Amino acid sequence: CGCSRCIEPDALRVFNSPFFPRGRICPVGGEEGSPLKELMAGRCSECSRTMSDTIAEAALAAEARLAEVAPEARRSAQIAAARLTSALEARDGPAFQAAVEV
């Protein structure tokens, strides 16, 4: 697809810039884009530099690892939130303290 949504930077997938601590890089789509090419096309928000293939490959590998562990981390956060909510609603100090320590 060549629509503006597909060829503009993908603001939902933001990577930290290897060039500046505050810099961010968004992948840029295209008709023939692979994830690596899309990330390498993105420019640092601070200096407009692009990632090398080595840096982009490492960033994509980190994104893949995050995708593997995210469901477990999300589930753990949901359980902790439920325990906190339950303890607060019951006004149970010891249960709240136990939930906070998790």
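**Close-up 1. Ser-48 in the loop between helix H2 and H3 of this predicted model.** Helix H2 covers 35-41, and Ser-48 is found in the loop that runs between H2 and H3. Ser-48 is not a glycine, yet its phi is positive, at about 70°. Most residues other than glycine have a negative phi. The relative accessibility of Ser-48 is 40%, so Ser-48 counts as partly exposed.

**Close-up 2. Arg-91 in the loop between H3 and helix H4.** Helix H4 spans 93-101, and Arg-91 has its place in the loop between H3 and H4. Arg-91 also has a positive phi, of about 55°, although it is not a glycine. With 78% relative accessibility, Arg-91 counts as exposed.

**Close-up 3. The largest nonpolar core.** Eight residues form this core. Among them are Phe-15, Ile-25, Leu-39, Cys-44 and Met-51. Helix H3, residues 53-90, gives the most to the core: three residues. In soluble globular proteins, nonpolar side chains tend to be buried together.

**Close-up 4. The surroundings of Ile-25.** Neighbours within four places in sequence are left aside here. Ile-25 is in contact with Phe-15, Leu-39, Cys-44 and Met-51, among others. Its contacts also include Arg-13, Arg-43 and Arg-49. Pro-18, Phe-19 and Gly-42 are in contact with Ile-25 too.

**Close-up 5. Cysteines without a disulfide.** The structure holds zero disulfides. For Cys-26, the nearest cysteine sulfur belongs to Cys-44, 10 Å away. For Cys-44, the nearest is that of Cys-47, at 3.8 Å. A disulfide needs sulfur atoms within 2.5 Å, so Cys-44 is in none. Cys-44 is buried, with a relative accessible area of 3%.

How values were computed. Residues are numbered from 1 along each chain as its sequence is written. This is a predicted model: local features need pLDDT of at least 70, side-chain atom pairs count only at pLDDT 80 or more; totals for chains, interfaces and linings use all residues. Side-chain values use heavy atoms; hydrogens and water are left out. A nonpolar core is a set of buried Ala, Val, Leu, Ile, Met, Phe, Trp, Tyr and Cys residues joined through side-chain atoms within 4.5 Å. Buried means under 20% relative accessible area, exposed over 50%, partly exposed in between (1.4 Å probe, protein chains only). Helices (H or I, at least four residues) and strands (E, at least two) are DSSP runs, numbered from the N terminus. Contact means heavy atoms within 4.5 Å.
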